[in-house]
Amino acid sequence: MIVRKSPEELDRMRRAGRIVAATIDRVLAAVAPGASTLDLDRVAEAHIREEGATPSFKGYRGFPATICASINQEIVHGIPSRTRVLREGDLLSLDFGAIWEGFHADSAVTVFVGGRAPSEAAENLVRATREALELAIATIEPGARLSDIGHAIETRAGEAGVGVVREYGGHGVGRKLHEDPFIQNWGPPGRGPEMRPGWVVAVEPMLNLGRKDAAILPDGWTAVTRDRQLSAQFEHSCGVTETGVEIFSASPKGWHEPHKVRP
């Protein structure tokens with residue numbers, strides 16, 4: 001069942017989203033060659049707790065860390081470690097979540113360590129994934145169909161010649177980190193339930209430079225591309241308003257184009 005949030009609950013989710021956005025800003029400032037993914041995790045946890053919030057991921061189904069840090073061919077759910085040291089040109093996907101007064105916000109971003117893509121193909125992948133997020137968010141409004149989100153993502157991926165991960169996708173978010181509905185990142189438009197004000201969804205494109213297929217590493221968490229080509233991920237927590245969409249996890253710091261409530 002898709003749960004519509006009350007105005008008071010939406011206010012809590014806005015606050016959770018602002019905390020997540022600020023945490024991303026803080027962590028991205030620490031991304032550099034020589035830093036470990038555990039270093040980034042510690043920065044994230046410290047900031048979330050300084051804000052009076054709780055990390056969403058730590059302890060979730062046994063996950064041991066505050067953020068997911070996935071490098072190069074890792075799609076999602078990479079576990080931070082002191083032995084995972086960043087190198088110039090690494091493609092780094094970071095996923096964040098925070099709980100404020102019982103409500104979650106969830107957001108992700110992909111960057112290149114050192115600020116430069118190692119290849120034109122890698123740059124194209126990250127650009128297409130970010131743009132897929134923006135195009136998917138632009139479909140959200142009352143009366144639109146849920147599958148419009150995935151269709152926008154798949155369309156942009158097809159234009160860029162990259163693969164859409166099938167095993168993972170977007171989801172509802174609220175009192176639980178993962179709520180109904182599951183939002184697949186592919187398929188035809190105009191299907192599924194109509195979006196309604198009060199829905200909050202995490203839109204989460206994950207695109208691969210090569211094939212769409214994923215595999216899980218022996219740690220039981222880290223998903224990687226089967227062909228070991230690069231993967232990128234972006235995500236925002238989004239609320240359906242009476243007239244459009246509000247991006248709860250937006251930030252003006254440059255890791256995505258700033259979003260505002262649509263008039």
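Predicted model: local features only at pLDDT ≥ 70, side-chain atom pairs only at ≥ 80, totals over all residues.
Now show the whole of helix H3, residues 120-138. The helix has 19 residues. From its first C-alpha to its last it reaches 27 Å, close to the 27 Å expected at 1.5 Å a residue.

**Stop 1: the pocket beside H3**

Stay with H3 and show the second largest pocket, where H3 gives the most to the lining, with four residues. Select Thr110, Val111, Phe112, Gly115, Arg116, Ala117, Glu123, Val126, Arg127 and Arg130, which line this pocket. The elements that give two or more residues to the lining are strand S5 (103-112) and H3. The pocket holds about 170 Å³ of space. Colour its lining by class and you get four nonpolar, two polar and four charged residues.

**Stop 2: Ala105 in S5**

Move along strand S5 to Ala105. Is Ala105 buried or exposed? Ala105 counts as buried because its relative accessibility is 1%, and the cut-off for buried is under 20%. Ala105 and Leu177 are 72 residues apart in sequence. In space, their C-alpha atoms are 7.6 Å apart.

**Stop 3: the largest pocket**

Next, show the largest pocket, with a volume of about 450 Å³. Which residues are the closest to its centre? Select Tyr60, His77, Tyr168, His171 and His178: of the 24 residues in the lining, these are the closest to the centre. S7 and strand S8 (179-183) are the elements that give two or more residues to this lining. S8 has the largest share, with four residues. By class, the lining has 11 nonpolar, five polar and eight charged residues.

Zoom in on S8, where Pro181 has its place. Check the peptide bond from Asp180 to Pro181: the bond is cis, with omega near 5°. Most peptide bonds are trans.

**Stop 4**

Now select S9 itself, residues 200-203. Both faces of this strand are covered. Val200 and Ala202 are buried on one side, and Val201 and Val203 are buried on the other. S9 is also joined by four bridges to strand S14, residues 236-240, again in an antiparallel arrangement. Click Val203 and look for its opposite residue in S14, His236.

**Stop 5: the two cysteines**

Select Cys238 and Cys68 together. How many disulfides does a search of the whole structure find? The search finds zero. The sulfur of Cys68 is 18 Å from the closest cysteine sulfur, in Cys238, so the two are too far apart for a bond. Seen from the other end, Cys238 is in no disulfide, and its nearest cysteine sulfur is that of Cys68. Cys68 is buried, with a relative accessible area of 5%. Cys238 counts as buried too, at 0% relative accessibility.

**Stop 6**

Follow Cys68 into strand S2, residues 68-71. Both faces of S2 are covered. Cys68 and Ser70 are buried on one side, with Ala69 and Ile71 buried on the other. Show strand S4, residues 91-100: four bridges join S2 to S4, and the strands run antiparallel. Pick Ile71 and find its bridge partner in S4, Leu92.

**Stop 7: two positive phi angles**

Most residues other than glycine have a negative phi. Asn72 has its place in the loop between S2 and strand S3 (74-76). Its phi is near 60°, a positive value in a residue other than glycine. Asn72 is buried, with a relative accessible area of 15%.

Finish at Arg228, in the loop between strand S12 (223-225) and strand S13 (231-233). Phi of Arg228 is also positive, near 60°. Buried, exposed or in between: what is Arg228? Arg228 is partly exposed, with a relative accessible area of 46%.

Conventions: Residues numbered from 1 in each chain as written. Heavy atoms only, no water. Expected span 1.5 Å × (residues − 1). Buried < 20%, exposed > 50% of the residue type's maximum accessible area, 1.4 Å probe, protein only. Pairing = 2+ DSSP bridges. 1 Å grid on protein atoms, 1.4 Å probe; cavity = no way out; pocket = protein on both sides within 12 Å on 5 of 7 lines; lining within 4 Å. Points joined across faces, edges and corners; volume = space filled by probe spheres on them. Nonpolar A, V, L, I, M, F, W, Y, C, P; charged D, E, K, R; others polar. Disulfide = S-S within 2.5 Å.
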